[in-house]
Amino acid sequence: MADSQLKTYRIQGLSCTNCAAKFENNVRELEGVKEAKINFGASKISISGSASIEEIEKAGAFDNLKIRTEQEQVTIKEPIWKQKENIKVFLSAILLFISWILEHQYGEGSLLPVLGYATSILVGGYSLFINGLKNLVRLRFDMHTLMTVAIIGAAILGEWGEAATVVILFAISEALEKYSMDKARNSIESLMNIAPKEALIRRGHHEMMLAVDAIEVGDTMIVKPGQKLAMDGRIIKGASTLNQAAITGESVPLFKTVEGEVFAGTLNGEGLLEVEVTKRVEDTTIAKIIHLVEEAQAEKAPSQAFVDKFAKFYTPAIMLIALALATIPPMMLGGEWSEWIYRGLTVLVVGCPCALVISTPIAIVTAIGNAAKNGVLIKGGIHLEEVGALKAIAFDKTGTLTKGIPEVTNFSVMVDEMSERDALKIAAALESRSQHPLSTAILQKADLQDIDYRSLMVDDFSALTGKGLKGTINQAVYYIGKPQLFDEVGLTISEKAQHLINNYQNEGKTVIVLGNQTNILALVAVADEIRESSKEAISKLHALGIEKTIMLTGDNIGTANVIGTAAGVHEIQAELLPQDKLFFIKQWKQKYNRVAMVGDGVNDAPALAASTVGIAMGGAGTDTALETADIALMGDDLSKLPYTISLSRKTLQIIKQNITFSLAIKLLALLLIAPGWLTLWMAIFADMGATLLVTLNSLRLLRIKE
């Protein structure tokens with residue numbers, strides 16, 4: 001027996017939402033189980049309590065569900081024609097064909113063909129009847145109940161051939177449904193198999209192959225040319241190009257050397273690498289992506305919530321309509337009982353809600369899986385729907401529209417008594433305590449000049465949010481940050497310094513000022529190049545009908561204008577504090593209703609949270625981006641944004657098509673029943689056809705690429 005903690009299992013063969021709900025209830029009723037929650041999209045069940053796999057499988061026996069632990073390797077599925085439940089369908093079809101021949105030879109109603117049809121019905125519909133009758137006793141009305149009543153009723157009326165045909169066509173419909181859901185889930189199944197299950201590890205002087213579960217943080221992993229990495233880590237020896245397409249969706253391999261961050265599932269190029277493992281297998285980026293995508297598939301989209309609510313009342317309503325059609329005309333209008341009961345049974349078959357119920361989840365699962373394979377992590381159906389309805393998008397500048405790799409272009413000392421090295425040493429000592437992207441530029445310059453800034457003790461350090469830094473070095477107080485910071489400190493910037501600041505800013509550079517309590521000591525000009533993809537991505541967004549694109553930045557107006565104009569955004573807002581960005585997002589939400597914020601997931605957390613959809617860049621490199629954003633672009637590539645919007649719109653379009661088609665075909669079929677033009681086998685064909693077309697329509701989302 002398992003222990004009583006929460007355990008998650010994978011389910012094979014789960015294809016219908018009604019079956020999922022029934023399985024969840026069955027597991028809840030098991031002795032020792034406290035709670036059970038199913039994730040239909042990911043085909044998983046989480047169980048709190050104690051239950052063995054055999055007991056859980058027994059709870060899912062009504063739909064031949066198979067259970068395996070999360071750690072078990074994904075099994076290769078047998079072809080659809082070799083699966084045990086489908087062999088029964090083939091046998092049933094053969095019996096139906098033989099019975100049809102016998103009926104033509106011996107005449108309708110003869111014992112031999114009736115026995116053949118009855119055997120065909122029992123072979124193909126045994127599990128269907130068991131479930132349907134149980135549901136009927138408990139007054140649970142689902143598609144199994146509808147079909148059971150219809151088939152038994154047809155047999156009682158002597159329509160044995162039609163009853164057997166309905167059994168076979170319904171079984172084929174269910175098999176195709178399972179196949180389609182498996183295909184939709186293949187995106188995530190393929191992600192699970194990206195990273196190897198073992199790796200060559202060196203511990204001390206010994207090298208050994210270890211399963212990923214046995215690898216610890218701090219182990220040295222040896223990766224040969226052409227091999228995939230099994231774990232996340234940091235390169236400690238060697239250099240190579242790595243293909244990160246599985247994580248970021250970027251097809252161009254990146255060159256990485258010592259200190260470079262690498263991810264499980266990426267493909268090593270030509271170099272031999274030694275990598276220090278930095279995360280356990282369950283914490284790797286690929287593991288987090290899989291977990292978050294599966295969680296996203298469990299989140300119901302607004303359209304799915306509507307369908308589920310509708311279906312709850314739809315099935316009992318169909319039962320009542322069928323009962324009314326079967327009884328009222330014979331009782332009140334003198335109609336033939338057998339004729340109107342037959343029409344009532346046809347209503348039951350045509351009213352089966354398969355196509356309607358599956359119309360939304362299969363589209364959502366397919367779209368989220370496709371996005372994950374293309375380097376976009378969408379954390380729920382609601383975000384998938386919202387992103388397609390966006391009217392305005394706000395962008396952070398540093399690291400979003402620009403590369404986020406700033407370089408010091410100018411370093412001007414403003415006092416005679418201080419050398420450039422001394423000024424740079426103080427600036428680097430202060431900036432080494434900051435996480436701001438611009439800090440790395442100053443530290444890089446200090447490292448290139450071999451300046452030992454780490455030896456300087458910084459006391460009373462404080463970060464002045466959105467303005468700069470303050471610290472005490474050798475009993476003197478220093479400030480470093482925006483020029484505006486020194487207005488608050490009470491220092492007047494000289495004409496010479498202001499002239500330099502204006503020149504640098506007009507060139508599109510960011511100016512950082514170093515000073516103490518009496519003087520401006522130095523000016524640091526930092527430039528951050530615009531990304532090659534920014535202008536093209538924003539142009540595509542405008543072409544997609546996004547009404548407003550805005551750049552929000554804490555940087556100076558001069559630099560903001562240069563970058564914003566080059567990127568092609570409609571509006572530029574500069575010199576903003578985090579709370580100012582939040583104010584603008586709220587303001588635009590009132591005007592445009594739906595506004596996205598694109599940032600790095602760290603500095604822009606308030607704006608990301610306040611926006612309709614928070615989109616984080618570079619999710620592969622930061623846990624924060626994966627956790628805080630609604631959508632994470634795994635690579636540093638804005639071109640994924642137009643693709644995501646297109647995918648969302650196509651998904652919404654397909655969901656609307658699916659729901660409309662499902663309801664329209666039901667309505668048409670119901671209208672054909674009253675005059676007696678629709679037979680049982682035609683009704684099941686209509687239902688099967690609707691389910692098949694809805695499924696194939698949803699699977700078109702797999703073809704959407706950038």
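User: Before we get to the helix pairs, how are axes and angles defined here?
Analyst: Axes are lines fitted to C-alpha atoms, for helices over the stretch in contact, and angles run from 0 to 180 degrees between N-to-C directions. Please keep in mind that this is a predicted model.

User: OK, so how do α24 and α25 cross?
Analyst: The axis of α24, which spans residues 640–673, and that of α25, residues 680–699, come within 10 Å of each other and cross at roughly 175°. Angles over 145 degrees count as roughly antiparallel, and α24 and α25 are therefore roughly antiparallel to each other.

User: Which residues meet there?
Analyst: From α24 the contact has I654, Q657, N658, F661, S662, I665 and K666, and from α25 it has A686, D687, A690, L693, V694, N697 and S698. Sorted by class, the contact of these two helices has 7 nonpolar, 5 polar and 2 charged residues.

User: Switching to the sheet: what's the strand order?
Analyst: The open sheet is formed by 7 strands in the order β14-β26-β25-β24-β15-β22-β23, with mixed pairing. Because β14 (376–378) and β23 each have a single partner strand, they stand at the edges, and one side of each is left without a neighbour in the sheet. From one strand to the next, the twist averages 20°.

User: Next, α20. Which of its residues are buried?
Analyst: In α20, which covers residues 557–567, the buried residues are G558, T559, A560, I563, G564 and A567. Their cover includes the helices α14 (397–401), α18 (495–506) and α19 (532–543), together with the strands β20 (510–516), β22 (548–552) and β23 (571–573).

User: What happens just after α20?
Analyst: G568 comes just after the helix and takes a positive phi of about 90°.

User: Last one, S534: buried or exposed?
Analyst: S534, which lies in helix α19, has a relative accessible area of 0% and is therefore buried.

User: What does S534 touch, then?
Analyst: Leaving aside residues up to four places away in sequence, S534 touches T400, L401, A567 and L638. As for L401, its backbone oxygen lies 2.7 Å from a polar atom of the S534 side chain.

Notes:
Residues are numbered from 1 along each chain as its sequence is written. This is a predicted model: local features need pLDDT of at least 70, side-chain atom pairs count only at pLDDT 80 or more; totals for chains, interfaces and linings use all residues. Side-chain values use heavy atoms; hydrogens and water are left out. Buried means under 20% relative accessible area, exposed over 50%, partly exposed in between (1.4 Å probe, protein chains only). Helices (H or I, at least four residues) and strands (E, at least two) are DSSP runs, numbered from the N terminus. Contact means heavy atoms within 4.5 Å. Angles under 35 degrees count as roughly parallel, over 145 as roughly antiparallel, 65 to 115 as roughly perpendicular and the rest as oblique. Ala, Val, Leu, Ile, Met, Phe, Trp, Tyr, Cys and Pro count as nonpolar, Asp, Glu, Lys and Arg as charged, and the others, Gly among them, as polar. Two strands pair if DSSP finds at least two bridges between them. A polar contact is a pair of N or O atoms within 3.5 Å; within protein, one must be able to donate a hydrogen and the other to accept it, and residues adjacent in sequence count only if both atoms are side-chain atoms.
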